[in-house]
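Please look over the structure below before reading the report. The notes that follow cover contacts, confidence and charged pairs.

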Amino acid sequence: MQRLFLESEAGSTQSRKKVKKTSGDRSSDEFSEEEDEDDDDSEEEKPVKSNSRKRKVEKIKVEKSPRASSSTGGGIQEMLKEFLQQQQKMEMQWREMMERRSHERQLFEQEWRQSMEKLERERLMIEQAWRDREEQRRIREESRAERRDALLTTLLNKLIRENKIEN
């Protein structure tokens, strides 16, 4: 879009220079006024990448110049400038919105990761507690089995001794 804007301005300034060269019967005052206008035009040809204050100053210059307000070419240039400014403003708003969304998404992802890490820690703690309880149950079961085996062994030994005594 800026390229089209610059090309259209370049074409219009070249056609103005041709018109100026063809009209040779002018006074020195007219030539100095045209040079001032050419300076203004050359400032308009540069792509605008500065802050909004410079844009406002240029807009004021364009509005004050009688040539820009009276000719249709100036009106088109003015409309193109306004359009480009609107586009730049919309692009900046879009970028800010995307950056804001990106930041929000990063915050959300960070919160999600933290909650998942917390859940994982809780799961590991629960699993560890289950293992501990299972180990305690196994130890108690083995202890019972050993006591039962010991009790049965003593009973069998007692029965065997009683059988030997009776025989």
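## Contacts and surface

In this predicted model, 61% of the contacts with a separation of 6 or more are between residues 24 or more positions apart. Buried residues account for 10% of the 167 residues. The accessible surface is about 14500 Å², and carbon and sulfur atoms contribute 55% of that area.

## Helices and confidence

The protein has five helices and zero strands. Mean pLDDT across the protein is 77, with 57% of the residues at 70 or above. Where pLDDT is low, the predicted coordinates should not be read in detail.

## Salt bridges

The whole structure contains ten salt bridges. One of them joins Arg-137 to Glu-134, with the closest N and O atoms 2.4 Å apart. Both residues lie in helix 5, three residues apart, or about one turn of the helix. Arg-137 is partly exposed at 37% relative accessible area, and Glu-134 is partly exposed at 29%.

Arg-138 forms a salt bridge with Glu-135 at 2.2 Å, N to O, and another with Glu-142 at 2.6 Å. Salt bridges with shared partners also link Glu-120, Arg-123, Glu-127 and Arg-131 into one network. Within helix 5, Glu-135 is three residues from Arg-138, while Glu-142 is four residues from Arg-138. Relative accessibility is 37% for Arg-138, 33% for Glu-135 and 40% for Glu-142.

Methods: Residues are numbered from 1 along each chain as its sequence is written. This is a predicted model: local features need pLDDT of at least 70, side-chain atom pairs count only at pLDDT 80 or more; totals for chains, interfaces and linings use all residues. Side-chain values use heavy atoms; hydrogens and water are left out. pLDDT is the predictor's confidence in each residue, from 0 to 100. Helices (H or I, at least four residues) and strands (E, at least two) are DSSP runs, numbered from the N terminus. Buried means under 20% relative accessible area, exposed over 50%, partly exposed in between (1.4 Å probe, protein chains only). Contact means heavy atoms within 4.5 Å. Accessible areas come from the Shrake-Rupley method with a 1.4 Å probe; for residues, only the protein chains shown count as cover. A salt bridge is a side-chain nitrogen of Lys or Arg within 4 Å of a carboxyl oxygen of Asp or Glu.
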